[in-house]
Every structure is written in C-alpha cells, then in structure tokens.
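Trainee: I have a model open and would like to learn how to read its features one at a time. Where should we begin?

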Amino acid sequence: MSISPENDPTHSQPVTIAISGPDNVGKTKQVGILARRLGPAAHATGRLDDYDPRWDGIKARGMGAWWFELGPIEEVADVLVSSYLERSRRPAAAPVRLMDRGIPMLEASLAATVAVRERLRPDGAADRARKLLDAYAADVRAAEAAEHGIVLLHDDDPVIGTSRSLSHERHVTPTYADYQRHLHLQMHRLIAEGRWAETIVVGERRVMAVQDEIRQRLHPITPLVPPRALPGVRVIALGGMSESGKSTAGEYLRVRHGYARLKIGYLIEDAAQRAGTADPYELPAVVRAELLVDGLDRYCAAHHFLDHVTIESLHDQDATAELRRMLGEQLTVVYVDATPEVRAERGTAGPEDVVERDAVKARRGAAGIASLAQEVIDNNHTRLHLERRLDGIALARRWPLRRPATTPVNMLGLPVHLESYLSELLDRTTVQVPPVIDLLAVTGSGARGKCQHGWSDLDVFVVAEQDSLPRLRQALAELEAELAGVKLGLTVLTQDECRTGAVTSRLLHVLMLIGSGSLVPLWCRPGLALPAPDAAGDVAASVEAGVQAAIEIRRQILKGAPDLRALFKITALLAKVMLRFEGTERASDDDALGVFLDREPATDADLRRQAREDREKAVELANTVLGHWLATIALPTSRA
C-alpha cells in the first residue's frame, strides 16, 4: 500500500519508506545508502530483532532450529508480528523513516515458513499465514497503510530469483533452499495483489543503478529524497604507486577531455564528517567504499553539469572491489604502472617507498588494484604514449562501438569502370585469410552517386593495419590503369587510431557518418566494430577543418593561377562546417554553397556553376563564404 505526504514540501508529517525483498537482493544496502545520503533528515529503524526481547534467547538457542523446527508456529508468528508492529509504533525520529522490510514481508515470510514446516502448497500456505495473523489483522493493516512500500526483486521469474538469492550463500541447506523458493512465490503473489506501491527488478544491475531508480520513485513522494543518484556519471578511478603518473593522467583527462578531477581522500573525509565518523580509514573497506560513493554522489549532485570525473588515488584492493560492485559500468579502474627506476627519475619517492612497513603494504595494495583494473597503462615510455592510451580510455566511454552494415558496389550508382575497379580491389584485399583490410567505404560525391566526369575524385576510406600496407599497395598498383584517369583519394587508418581519436576532424566526421549509418561501407571484416563519435563531438572538432579551409582559401586566392577545382571544393567545405554548427548537414557541395548564396540576394544565382570555370567567379564565391566565416569570429576591437 502507498501513502503520500501533502504536496507542500514543508509538511511536517513523517514519511515512512519500507524497502522489502528476498534474501541477498540488496535491500539493507539500499536503505543504508539512502539513510547516509539523507543525513539528519532520515532515520533507519534498524534490525527487526531489536524490537522484541525474545530474539536474544532465540538466537542463543539457534535461530534456524527455532524458526523451522523447534519453535511452535504460533510463537514464531507472534514474535514476528510483535517485532514488526513495535517498530511501526515507535515515534518517527526524523522526517523520513527508512525500514528494512515492510509489513507485506511479514505475511510473505510467515507463509514461506509454514509451507516448509507443514509441507503446504503455496495457496494453502497463504491461507495458513492469514489465519495466524487474524488476531493482529487490524494493527497489521494500519501499519501497512502507514508505509510507502518498495519491493526489490532479483527477477520477474521467481525461479530465477530464487536461484540468484541462493547463489550468494556460501552454504545452502535443503530447508533454506525450500524456504527461499516459497518466499519468492509468496512475494510474487503479494505483488499481484498490489501490496507494494513500487516494484523494482534488480537483475544484473549494480548497487547505484538500483539506488538511482529508487530515488526516482521516491522523490515525488518526498522532496527530501534526491531525485537521482549519479545519473549518467562516468568515473575513471586512478591507481598506482607514487610517481607512476597518476596525477599526470588525471590532469590530462581534465584538460583534454573535460573530466572533473577529484581526490578520494577529500570525498571520503567529507562524507565521514557528515556521518559523524571520526577516522574513516579505520572502518572496514566496504564502509569506506560506501563513504566514497556518498561523497561522489553529493559532489556530482551539487555540480549537476558534471557527467565524467576522475577520482584518485586508489590504495585499497578491497575498497576498490566494493567500489566496482557499487558502480558497475559507470566505473573504469585504471592502474598506471612504472618501474621503480622510472619512478625515481620522475620525482621524490613517496612515503610508501621510504618506510618498509608502508612499502610492503603499498606494494600489496598496488598489486591487488592492478588485478582489478580494466586498463593497465605501462607508463615507462613517453608522455605521448600515456596520453594516447588515456585518449582511448576516455573515448571508449563516449564513443560506442558499432558494427557497420554494408552495401553492394552497384548500389552506389558509380560509372561502370569505377564499379569494376572497386569490385576488383575488394576481391584482391578481402578474400584472403586474414583479409588485407578491415573496412572499405567510398566517401564524398561517389558515396552519393554524384560523380562528375573530369571533376570528381574517387574518395575511398580504408581501415587496415600497418603491416597490411605492402599488400594493399600491390593491389592498388595492379589496378591503377582501370581508374581511367580518375584521381584516387585514398585514406587509411588503423583501428587503434580510430579508437584513440588520432584522426583529423574530417576523418572524425567520416567515422561519425559510418557509426550513425549515414555512410554505408562496401565491405567490413566480420565482427569488426568501430567507434561511433557523437554528433556534438563531430561538430566541435569540425572547427579545425574550418580554420584550415579559411587559410587554404586565401592561399588559393593569392595564387596567380588558382586551382579552380581546389578552390571550389575548399570553399564548399567551409560552408559545410558552418552549417554543421547550425545543426544542418549538407553532404553535397552545391547544396551547402546554395544555402549561403541564398543569404546574399544580390549574388548571381548562377555563381556556383560559373565558379567551376571562371577565376573571378570562383574568387567571388570564395570571398562570399569566407566573409560569413570571418563574421563569426569578428571581435569588437578598434584600430588606430
């Protein structure tokens, strides 16, 4: 059942939130994270066995034996009901009261217990549980009505859910396994009856992903619960020994890729101070990881524009493992490694290299963190090597890998001799095992079926490894005559260059087009996945092409006899770049130039055609587009 406070956020009526679920689904962890985040605004009611003195004697005699064998079922029911009701009757100690297991769990766990003890089918067990609760029915209903209940499930299928609950246990008895099976069945029955306000399927999601959904469900109930938990925030955690290059890596990611750079010590200490913890480093690793995530959550909520951060430095294997369990795919652990000799050359050795006891501890912690890292960077080389590796890590978080579709050569509408050329080239570079190339795509006007004889080049984009170049060169040489005078514009990149972004802005645009499906290659190696840059990154990078185009336009204008074709195409490129910033993509040169000519009513409507043949018209067209470019960067400066 659900209860909602009044719409006024200042309403003083406490809100009770009860998070239920089967064993090992993470309900206690979720209550703890939410309670820590809310601070004084929330009170976690703690364990049920704190609410009835009989639990001490039960635990002393053996909980399992009493629950499933020795304790009269009426006594089991009475102890459970008394604990739940006493907890509900206690006055709220804060505006938000957080409970681990809500009232519907009382019926579910009691029904599962009698099913095991009395060998009842699920329906019979439900009836038996309701009879045992009859004497307390009014109080139980009132307590349930006062809760806003959330139930967490491992899976929509109770059989799969049971399996996942049991998979977290070191030792499982047949009785306990049977109990879990019945508990899942009873919980699914109660969900169907609408006994919980919210149902969340955890599945394989990590802790903070589930916490995020919990907050989204609860924020409309009370504004005291934050609306999200690290939504979409990507975290790179840096580890390594002193002077290995962690700080250099963090600073590069900040400057080059816009990561906010945070210190783990600051985050933990800030969260510990809020929680009233004197020395967080004396706490268990699990708690330190939770404090770190709480500090990170608070910082990112206060700086809501952040979506990627680095945290440094990792020093604890167990805390790092728990951090991965909590953040899952949001976290990338990077270990920066260097030999002692290289580290000594880079600066003064840290304390862990001076005091032997600390040195042993640091080496052990470093080895453990290295084993947990998704990326280990060997930083015994140049800074360029480090930065390219960091580029690959950062871009892997931004650019998803996608497998391109392909299209037959004859779908491009190219002249027959060029279709024949490409077919032969593919035969000579793809039928071998392994193939010479990884991908081949036609770009430019050829990709749009707009080749103009005597004007258009055949632009081809190829992905291939460096050791394939001799065989590729041989194939090109053997087929050169078939081009019949058409100029081949060939660009070759390796997969690593694509993934680290070591490409020009124009090639970044090609990768974006392939990733979005706007440009379909003629062939790609089975299983090949290329990074797909996002449109925003493509637009931002294209300013480089605009700068180069503006410079080249002036170079061509100042020539005594400019290359009309080169001037026309570079002018069209500058037009395309400017339109891209307006959210418009014009693949055709004529289309892109037409937009700017339409903005100049006094310009001759036939200028585009004339510019291909007449020097003065070509310069006029170039100056028109260049003028629009310069207007975007004009500064209000005065000249003497």
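Mentor: With the nonpolar core, a set of buried Ala, Val, Leu, Ile, Met, Phe, Trp, Tyr and Cys residues joined through side-chain atoms within 4.5 Å. Buried means under 20% relative accessible area, exposed means over 50%, and partly exposed lies in between, with a 1.4 Å probe and protein chains only. In soluble globular proteins, nonpolar side chains tend to be buried together. Note that this is a predicted model: local features need pLDDT of at least 70 and side-chain atom pairs count only at pLDDT 80 or more, while totals for chains, interfaces and linings use all residues. Residues are numbered from 1 along each chain as its sequence is written, and side-chain values use heavy atoms, with hydrogens and water left out.

Trainee: Which residues touch the most other members of the largest nonpolar core?

Mentor: Leu110 and Met187, in a core of 37 residues. Helices (H or I, at least four residues) and strands (E, at least two) are DSSP runs, numbered from the N terminus. The elements giving two or more residues to this core are α2 (54–61), α3 (63–70), α4 (73–89), α5 (103–117), α6 (122–133), α7 (137–145), β4 (147–153) and α9 (174–192). The largest share, 10 residues, comes from α5. Apart from this core lies another, of 34 residues, which includes Ile33, Ala229, Leu291 and Leu292.

Trainee: What is Leu110 in contact with, leaving aside its neighbours within four places in sequence?

Mentor: Contact means heavy atoms within 4.5 Å. By that rule Leu110 touches Ile73, Ala77, Leu80, Ala129, Leu132 and Leu133, once neighbours within four places in sequence are set aside.

Trainee: How do I read a buried strand?

Mentor: In a regular strand the side chains alternate between the two faces of the sheet. In β4, both faces are covered: Glu147, Gly149, Val151 and Leu153 are buried on one side, and His148, Ile150 and Leu152 on the other.

Trainee: Which strands pair with β4?

Mentor: Two strands pair if DSSP finds at least two bridges between them. Strand β1 (residues 15–20) pairs with β4 in the parallel sense over five bridges, and Ala18 stands opposite Gly149 in β4. β4 and β5 also pair in the parallel sense, over four bridges; there the bridge partner of Leu153 is Val201 in β5.

Trainee: How should I check a helix?

Mentor: Compare its end-to-end distance with the expected span, which is 1.5 Å times one less than its number of residues. Helix α1 (residues 27–38) has 12 residues and should span 16 Å; its end C-alpha atoms are 17 Å apart, which agrees. Nine of the 12 residues of α1 are buried, so this helix is largely enclosed by the rest of the structure. Gly39, with a positive phi near 60°, follows α1.

Trainee: What do the buried residues of α10 pack against?

Mentor: They pack against β1, α1, β4, β5, α13 and α14 (317–327). Helix α10 covers residues 207–218, and nine of its 12 residues are buried.

Trainee: How many salt bridges does the structure hold?

Mentor: A salt bridge is a side-chain nitrogen of Lys or Arg within 4 Å of a carboxyl oxygen of Asp or Glu. The structure holds 51. One of them joins the side chains of Lys29 and Glu290 at 2.6 Å, N to O. This pair links distant parts of the chain, with Lys29 in helix α1 and Glu290 in helix α13 (residues 285–302), 261 residues apart. Both Lys29 and Glu290 are buried.

Trainee: Where do Glu107 and Arg195 lie?

Mentor: Glu107 is in helix α5 and Arg195 in the loop between α9 and β5 (198–201), 88 residues apart. Their side chains form a salt bridge of 3.1 Å, N to O, and Glu107 and Arg195 are buried. Glu107 and Arg195 also belong to a network of salt bridges with Asp127, Arg130, Glu144, Arg189 and Glu193.

Trainee: Is Ser165 buried or exposed?

Mentor: Ser165, in helix α8 (residues 158–167), counts as buried because its relative accessibility is 0%. A polar contact is a pair of N or O atoms within 3.5 Å; within protein, one must be able to donate a hydrogen and the other to accept it, and residues adjacent in sequence count only if both atoms are side-chain atoms. The side chains of Ser165 and His154 make one, at 3.1 Å.
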